[in-house]
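Please walk through this structure with me. We start with a pair of helices and end with a pocket.

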Amino acid sequence: MPLDAGAGRLVACLGVLIAALALASLAIGPAPIPPWLAAKALVSDQGSASIIVREIRLPRMLLAILIGGTLGITGAALQGLLRNPLADASVFGAPQAAALGAVLVLYFGFAGALSFVLPLAAILGALISIGLVVAIAGREGGTVVLVLAGLAIGSLAGAATSLAISLSPNPFAITEIVFWLLGSLEDRSMAHVVLSAPFLVLACALLLGTGPALRALTLGEEAAASLGVNVGRTRLVVVAASALGAGASVAVAGAIGFVGLIAPHLVRPLVAHDPARTLVPSALAGAALLLAADCAVRLIPSGVEVRIGVLTALLGVPVFLWIIARRRGELVGAVA
Amino acid sequence: MTSLVLAARDLGVRLGRREVLRGLDVAFRPGRLTIVVGPNGAGKTTLLRTLAGLVSPSSGNVTHGDAPVQAMARSDRARAIAYLPQNGEVSWPLPVRALVALGRLPYGEAPERLTPAGRAAIEQALAQVGLLGFEDRPATELSGGERGRALLARALATKAPVLLADEPVAALDPRHQLLVLEVLRGLAHAGGVVVAVMHDLSLASRFADRILLMTGGRIVAEGAPADVLTAERLEAVFGIEAAVSSEAGGLTITPRRALPVG
């Protein structure tokens with residue numbers, strides 16, 4: 001089928017794009033290093049260039065690929081599960097809920113910033129939020145129910161986080177947590193990669209296996225079940241994996257929204273809208289988007305680096321509104 | 001097509017607190033097209049869903065041959081029983097060929113990985129519903145009738161010995177209603193078990209080998225159309241006064257007025 005060649009080409013193009021952006025990510029920064037030297041410094045000792053590239057920029061590049069990829073595939077899987085192009089972990093309030101879990105652990109002193117307890121708490125927070133939204137809106141719920149439930153849960157988690165911050169005994173902690181919540185990949189080390197990678201890779205692997213079920217869900221839950229799909233298990237896997245991905249991302253990089261919402265939209269028309277074949281290109285597009293955003297925040301001239309979560313929200317919200325505007329007829333119909 | 005009897009024994013189904021089906025005993029034999037009729041809320045859709053193994057009975061059981069449908073492995077059941085739901089949901093603008101290819105999922109086939117048998121089944125299903133030439137059209141851009149036929153083709157592509165179709169002709173124009181019912185009858189007469197739910201009684205009488213009349217979760221009557229669809233039964237079950245005349249090839253049933261309740 002010509003579609004396959006198209007999907008293959010798409011994956012190859014995105015791969016090349018990611019490689020180019022990854023190299024740019026190693027080269028760009030306060031001390032610019034030419035790309036060829038950055039590549040050389042990665043594999044052989046080039047003095048201070050090697051220290052900058054390996055210690056500072058490599059973890060950041062790896063985290064952008066891992067987190068962006070996970071956000072992308074999570075968005076694609078949630079949109080497939082709920083048959084709704086507005087679904088995404090961030091629309092479900094998952095980053096806020098994950099942040100709440102992490103904040104509770106950090107600022108009430110249960111664990112340090114590099115403990116595995118942190119991602120686990122964040123994952124638990126995300127699991128509760130996504131599980132709640134899917135339970136409320138999943139079966140028959142339309143777009144309006146979905147967005148409203150996500151908004152409510154996100155707001156609640158945000159308010160609880162604010163409460164936790166305001167009760168925090170340490171004033172420095174308040175500044176630190178607020179900046180962390182904005183989302184950033186600055187000053188991350190290989191320890192952060194090691195902390196998050198197992199969860200992120202597991203989340204991606206779980207979601208990759210749901211492709212055929214998501215494709216069958218195009219026909220609705222009953223028809224999918226009649227085709228032999230275990231709809232309940234699919235729902236559980238997608239929710240759990242999305243929570244793993246959102247929780248692990250938030251634990252090391254703070255809240256980065258809208259990448260998961262946008263990435264599937266960019267690739268879907270190129271794979272004939274097939275929910276199964278949207279998964280891998282969405283992951284790659286998400287990785288490319290986050291790498292590009294992380295390069296962009298280093299290039300924007302400002303005193304302190306613009307937070308990547310702020311940038312993705314600034315760019316993502318207009319896209320979100322554009323999708324809503326395109327589906328306005330359906331939304332109005334659902335309210336009436 | 002080798003086919004087994006699909007049978008329900010003492011079948012009861014509860015949805016929440018409501019008893020939707022009670023004490024149904026019915027057997028669907030290969031070679032016959034059975035059309036289920038009855039007023040809204042009679043339990044027709046629930047009967048089809050339970051026969052398809054999608055709803056757990058609260059009492060009794062459904063068997064295909066000797067195998068209880070509930071206990072069959074999902075993929076075995078999906079290969080044995082094709083189910084066409086009523087809602088006609090298509091969430092993404094998949095090309096028609098990819099939509100129909102979903103019928104091959106029970107065999108582990110995907111649109112990009114089809115066996116020669118799968119490819120042939122899809123071609124044949126598209127030809128049966130008259131959608132050859134529509135393969136690359138996005139399913140969401142089809143008319144209601146074309147979409148209904150594409151979804152039927154999806155069910156046909158499974159090549160299951162049992163086909164359960166919930167209102168397969170509801171959205172179709174008269175010509176395509178006839179074409180689809182001819183496909184269903186052809187499938188039955190080739191040895192399949194085919195059960196369809198319909199509201200058009202005249203059309204049902206023209207195509208059904210057997211009519212199953214339901215109300216209140218029970219089967220009121222079953223048999224040849226002329227024996228089941230009498231003016232007295234229509235009055236008792238549907239609450240309508242109807243003129244029933246028999247003619248070559250079926251009945252003409254004209255509802256005249258709704259009778260007052262009680």
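Helices (H or I, at least four residues) are DSSP runs, numbered from the N terminus. Their axes are lines fitted to C-alpha atoms over the stretch in contact, and angles run from 0 to 180 degrees between N-to-C directions. The model is predicted: local features need pLDDT of at least 70, side-chain atom pairs count only at pLDDT 80 or more, and totals for chains, interfaces and linings use all residues. Residues are numbered from 1 along each chain as its sequence is written, chains are lettered from A and ligands numbered from 1 in the order written, and side-chain values use heavy atoms, without hydrogens and water.

Look at helix H4 (residues 94-107) and helix H7 (residues 171-181), both of chain A. Their axes come within 12 Å and cross at roughly 155°. H4(A) and H7(A) are therefore roughly antiparallel (angles over 145 degrees).

Contact means heavy atoms within 4.5 Å. H4(A) brings A:Ala99, A:Ala102, A:Val103 and A:Tyr107. H7(A) answers with A:Ala173, A:Glu176, A:Ile177, A:Trp180 and A:Leu181. A pocket is an open set of 1 Å grid points, over the protein atoms alone, where a 1.4 Å probe fits, with protein on both sides within 12 Å along at least five of seven lines; lining residues have an atom within 4 Å of a point. This one has 25 lining residues, with A:Ser90, A:Pro95, A:Gln96, A:Ala255 and A:Phe258 nearest its centre. H6(A) gives the largest share, ten residues.

Note on methods: Helix = DSSP H or I, 4+ residues; strand = E, 2+ residues; numbered from the N terminus. Parallel < 35°, antiparallel > 145°, perpendicular 65-115°, else oblique.
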